[in-house]
Amino acid sequence: MVVLRNINTVDALIDKVFEYNTGANADLLRRAYAFSNEVHFKQKRKEGTPYIEHPLAVAAILCSMRLDINSLAAGLLHDTIEDTDTTVEDIRGLFGEDIAFLVESLTKLGKMEFKTSEDVQAENFRKMFLAMAEDTRVILIKFADRLHNMRTLEYLSLEKREKISRETMEIYVPLANRLGIGWLKSEFEDLSFRFLMPDVYNELIHKVVKKREEQEGYLYDVVKIVEAHMRVGQIPVEVFGRVKHLYGIYQKMQRQRIPFELVYDVIAVRIITDTKANCYAALGLIHSLWTPVPGRFKDFIGAPKSNLYQSLHSTLIGPKGERVEFQIRTGEMNRIAEEGIAAHWKYKEKDNDDRLDNKYFSWMRDLVKAQKDTPDAREFMEAVKGDIVPGVVFVFTPEGDIVELPQDATPVDFAYSIHTEVGHQCTGAKVNRKIVPLRYKLQNADTIEIITSHVHAPSRDWLKFVKTQKANARIKQWLKTEERAKGIKLGEELLEKGLRRYGLSPKLAKSGEMLEAAASLRIKSHEDLFVAIGYGRVSVHKLIHVYQPDSVKENEEKVLPKEEQKKEEDSKGISIKGVDNIMFHRSKCCYPLPGERVTGFVTRGRGVSIHIMGCHTLSTNTIDADRLVEVDWSGDSTATYSVKIQVMTVDKRGLLAELTAVLSTNNVNISHLDASSTSNKEALFNFILEIRDRKQLDNIAQKIGQINGVIGVKRLQS
């Protein structure tokens with residue numbers, strides 16, 4: 001698919017629209033362009049160009065998708081309400097209800113503000129998802145807007161580039177993939193990769209360009225051989241070569257733990273033919289020419305992906321022993337693979353086949369209903385991400401009713417799909433009359449019977465394997481209620497114990513006077529007070545200081561816990577938003593460093609644990625989002641902190657000496673070292689280093705990566 005990039009006038013845009021819609025309302029586009037140009041007249045982009053170039057570029061991208069005229073007009077107008085004095089009534093009066101709806105929906109996607117940047121991202125995801133469910137065009141216009149912003153991202157600050165790129169990778173990429181828009185997913189990934197890992201990106205693109213130049217002649221020969229044999233076999237085809245997109249190559253290097261030089265199928269050959277039967281005929285022909293690589297054949301025609309992608313994939317040992325990947329599909333399959341849901345949004349307005357949209361959006365409708373039970377935006381975002389997975393399974397109740405569940409769903413998912421109480425009371429399951437573990441992955445045509453007990457309750461471990469948003473939300477809701485009850489009990493005990501240490505009566509814990517003191521901390525009930533203490537949000541010391549400051553001053557040093565006496569010393573540079581005088585500690589699962597984006601997790605009775613943003617411990621389904629707090633850590637330039645890294649190298653003598661020499665030269669202390677070798681003649685070195693901050697860690701990793709024989713350097717989490 002050719003994505004238009006050089007359209008710089010509205011007349012050029014209209015000429016391109018006429019190529020696929022000869023009856024397009026050109027006057028509407030001219031009026032939308034003129035209005036947008038007028039209201040944005042005084043505004044400039046970060047690169048210093050007139051602002052109108054952005055909406056015009058967005059409309060050009062939508063034109064590439066062959067969308068209807070109203071979508072293109074909305075693309076020209078999409079920032080008018082948010083960035084100028086224009087109102088939705090102005091848009092409605094000038095351009096009609098449909099365009100006003102699109103522009104207003106796009107405006108609403110990014111208007112609200114929340115406590116943390118993660119909440120902003122999560123809520124934007126929810127709003128984008130719900131708007132997409134109401135009208136497909138909203139997400140397509142939003143995609144075009146984000147794509148042009150990503151193409152011009154170099155003019156923003158480093159912090160903004162990383163933030164926008166991370167959001168693109170985490171939100172826009174999976175949605176584009178789920179909606180089957182292959183070219184868009186690839187460009188989003190490559191652009192995000194460029195700004196998130198610029199050094200790796202630049203090194204890889206240099207290697208890819210070099211390899212492409214080296215293999216152009218080879219690829220030309222392969223294409224000609226295939227074309228000649230297809231003519232003999234009377235199979236009508238178009239054959240062309242292409243270079244795989246950069247992030248896909250990088251993922252393969254990471255997944256297989258190999259350097260670029262060992263990625264053999266950087267260049268692929270695509271064969272386009274006319275019928276499904278000829279796809280298989282073409283496959284048979286190329287298999288007769290060259291030897292297929294075992295385990296590298298996939299039939300996505302017989303078993304399409306959930307986003308309707310269809311193609312045959314096969315890797316063969318081609319001429320001169322080089323590996324070549326072939327993709328074989330019909331023209332219609334190729335169009336759907338590239339354009340996805342956009343391929344079904346006809347410019348002839350509403351006469352498109354709703355059945356195709358239903359295939360894309362059946363998963364979405366269920367989530368839209370379920371989101372009403374998930375008020376927390378972050379939980380909803382994780383639920384949607386969890387549901388963007390290929391395939392479904394169809395299973396049966398004992399009565400013979402069919403239930404549709406996501407691929408890899410378990411008996412627990414099935415139980416909650418029947419009723420919440422059935423899920424809560426689930427103790428076991430029978431599949432096809434045989435007892436199976438609750439982790440069992442359901443298969444098509446399984447018949448499931450749930451075993452229940454009135455005295456049973458959900459387990460936190462279930463969150464590790466359930467797949468449906470409903471099961472996840474119901475389990476979390478039950479656990480949250482239980483957690484609160486435990487927090488109340490623990491908080492009450494801690495407060496009574498603290499009162500005794502200060503020579504006060506433990507009965508004061510439930511008194512009106514103590515509640516009055518708690519009111520200054522914005523706590524309105526005894527239950528909330530006990531929970532705050534139990535979760536470590538409020539220290540007993542601080543509460544008693546508010547209640548009776550003179551008493552505290554007299555014997556403060558004597559009664560303060562050792563952790564609180566050490567707090568000032570250990571917490572240098574750390575501040576927790578909205579919380580004072582609270583214990584915290586650096587988590588050992590991810591070893592955070594000053595200069596990194598960190599977050600805090602409130603533990604029961606142990607204060608706040610500090611984690612790297614995105615730490616695997618906090619990304620699991622077992623985490624209660626209400627216990628996350630914002631943390632800022634500037635660090636102490638004289639202090640050092642333990643960090644785990646792993647260095648993969650070729651297995652040769654002298655490399656360990658080179659590694660330790662680099663660390664020593666840069667004044668980095670090694671507190672622990674493990675070394676091992678693999679069956680692939682590689683060596684793994686696991687270090688625990690004493691590092692000042694993230695900047696020093698990045699510098700060390702870069703220098704280690706430059707050592708001849710080093711394959712990769714990565715940071716480890718426990």
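**Close-up views of the predicted model**

**View A. Helix α28 over the four-stranded sheet.** Helix α28 (residues 655-665) lies across β16, β17, β18 and β19, and its direction is at about 20 degrees to that of β18. The model shown here and in the other views is predicted. Helix α29 (residues 694-705) also packs on this sheet, where its contacts are with β16, β18 and β19. The direction of α29 makes about 165 degrees with that of β19.

**View B. Strand order in the sheet of β16, β17, β18 and β19.** The four strands form an open sheet, ordered β17-β18-β16-β19 and paired in antiparallel fashion. At its edges stand β17 (669-677) and β19 (710-715), each of which pairs on one side only. From one strand to the next, the twist averages 20 degrees. Strands of a sheet pair through backbone hydrogen bonds, in either a parallel or an antiparallel manner. Within this sheet, strand β16 (residues 641-650) and strand β18 (residues 682-691) run antiparallel and are joined by ten bridges.

View C. An open sheet with mixed pairing is built from five strands in the order β1-β2-β5-β4-β3. The edge positions belong to β1 (237-243) and β3 (291-299); each has a single partner strand, so one side of each is left without a neighbour in the sheet. The twist of this sheet averages 20 degrees from one strand to the next. Strands β4 (residues 312-317) and β5 (residues 323-330) run antiparallel, with six bridges between them. Leu312 has Ile328 of β5 as its bridge partner.

**View D. Helices α12 and α14 on the five-stranded sheet.** Helix α12 (residues 198-232) packs on the sheet through contacts with β1, β2 (267-273) and β5. Its direction makes about 165 degrees with that of β1. Helix α14 (residues 276-289) lies across β2, β3, β4 and β5. The direction of α14 is at about 160 degrees to that of β5.

View E. Gln234 is located in the loop between α12 and β1. Although Gln234 is not a glycine, its phi is positive, at about 55 degrees. The relative accessible area of Gln234 is 71%, which means that this residue counts as exposed. Lys320 occupies the loop between β4 and β5. It is likewise not a glycine, yet its phi is positive at about 65 degrees. With a relative accessible area of 76%, Lys320 is exposed.

**View F. The packing of helix α10 against helix α11.** Two packed helices are described by the angle between their axes and the distance between the axes. For helix α10 (residues 158-178) and helix α11 (residues 182-196), the angle is about 160 degrees and the axes are 9 Å apart. Because angles over 145 degrees count as roughly antiparallel, α10 and α11 are roughly antiparallel to each other. The crossing of the two helices is left-handed. On the α10 side, the contact involves Arg161, Glu162, Ser165, Arg166, Thr168, Met169, Tyr172, Val173, Ala176 and Asn177. On the α11 side, the residues are Leu184, Lys185, Phe188, Glu189, Ser192, Phe193, Phe195 and Leu196. By class, the contact of α10 with α11 has nine nonpolar, four polar and five charged residues.

**View G. The packing of helix α20 against helix α23.** Helix α20 (residues 469-501) and helix α23 (residues 540-547) pack with their axes 10 Å apart, at an angle of about 60 degrees. The two helices are therefore oblique to each other. The crossing of α20 and α23 is right-handed. Helix α20 contributes Leu494, Leu495, Gly498 and Leu499 to the contact, while α23 contributes Val540, Leu543 and Ile544. Six of the residues in the contact of α20 with α23 are nonpolar and one is polar, whereas none is charged.

**View H. Overall context of the close-ups.** The protein has 29 helices and 19 strands. Of its 718 residues, 50% count as buried. Among contacts with a separation of 6 or more, 67% join residues 24 or more positions apart.

Methods
Residues numbered from 1 in each chain as written. Predicted model: local features only at pLDDT ≥ 70, side-chain atom pairs only at ≥ 80, totals over all residues. Heavy atoms only, no water. Pairing = 2+ DSSP bridges. Axes fitted to C-alpha atoms, helices over the stretch in contact; angles between N-to-C directions. Contact = heavy atoms within 4.5 Å. Parallel < 35°, antiparallel > 145°, perpendicular 65-115°, else oblique. Left-handed = near helix turned anticlockwise from the far one by under 90°. Nonpolar A, V, L, I, M, F, W, Y, C, P; charged D, E, K, R; others polar. Buried < 20%, exposed > 50% of the residue type's maximum accessible area, 1.4 Å probe, protein only.
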